[in-house]
Amino acid sequence: MTKKIDLRVKRTNKLITQAFIKLLGSKTFDKITINDISDEAMINRATFYSHFKDKFDLFENIIDKFLGDFADVLDTENLVEENAINVKKIEGALTKFYDFVNENPDLAKIFITHSNKEILSKRLLMILSERYSEIFDSLDVRNEDLKIPTDFVVSYITSIFIGTVNWWIEQKNHEMSANEFASLVIKLISNGHLTVLGVNINRD
């Protein structure tokens, strides 16, 4: 019985989410009402409120899921070897993510277009810090004898990453594959930003 209820809840959540995403294709966030979402999902208002507090809660839920899926896509195994970033491994992780964006274009569009950039950066920064802090700490990034704070390195890389994701999402007809784009991004970062930061690069 519990399993049936769980499936029903998941199905309703999916209907509400899909309805909201569809509405965002024709309306701005502030113009969308709970009635709009309920009508599109073919549920009543009471059902909506049994799943989400309001449309802001729904939106936050969608963004959190996207960021969670993003974090799951990236594989941290062996990204750092002997105090050096393994470029090939990071390129592979980025390729997975850009493929993920291609497979979830509507969610990705919401992620970039409708999110508050400052909040988005903070959330992404939090995920990277939580999941990969050990990686950045192990790099021991320094400028001469001065150790560069880990949170600064993560914040700096996050801002670059968001810019590349924004560009990738906006492309209507991708002239590059996910792997080619990941390779380009890594080449630009590893030959410039990471080198300037004093990060050791392993290109093998």
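The legends below accompany views of a predicted model of a single chain.

**Figure 1. Overall arrangement of secondary structure in the chain.** The predicted chain contains nine helices and four strands. Read from the N terminus, the elements follow the order α-α-α-α-β-α-α-α-β-β-α-α-β. Of the 204 residues, 40% are classed as buried. The accessible surface of the chain amounts to about 12100 Å², and carbon and sulfur atoms contribute 52% of that area. Where contacts link residues at least 6 apart in sequence, 67% of them connect residues at least 24 apart.

**Figure 2. Confidence of the prediction along the chain.** The average pLDDT of the chain is 76, and 67% of the residues reach at least 70. Among the elements, helix 2 has the highest mean pLDDT, at 96. The lowest mean, 55, belongs to strand 4, which comprises residues 201-202.

Figure 3. Helix 2 spans residues 34-41. Within helix 2, the buried residues include I34, D36 and I37, and S38 and A41 are buried as well. Just after the helix, M42 adopts a positive phi of about 60 degrees.

Figure 4. An unreviewed UniProt entry assigns the feature "DNA-binding region" to residues 33-52. In the predicted model, 75% of this span is helix and 0% is strand.

Terms used: Residues are numbered from 1 along each chain as its sequence is written. This is a predicted model: local features need pLDDT of at least 70, side-chain atom pairs count only at pLDDT 80 or more; totals for chains, interfaces and linings use all residues. Side-chain values use heavy atoms; hydrogens and water are left out. Buried means under 20% relative accessible area, exposed over 50%, partly exposed in between (1.4 Å probe, protein chains only). Helices (H or I, at least four residues) and strands (E, at least two) are DSSP runs, numbered from the N terminus. pLDDT is the predictor's confidence in each residue, from 0 to 100. UniProt positions are given in the numbering used here, feature names are shortened, and annotations may be inferred rather than shown by experiment. Contact means heavy atoms within 4.5 Å. Accessible areas come from the Shrake-Rupley method with a 1.4 Å probe; for residues, only the protein chains shown count as cover.
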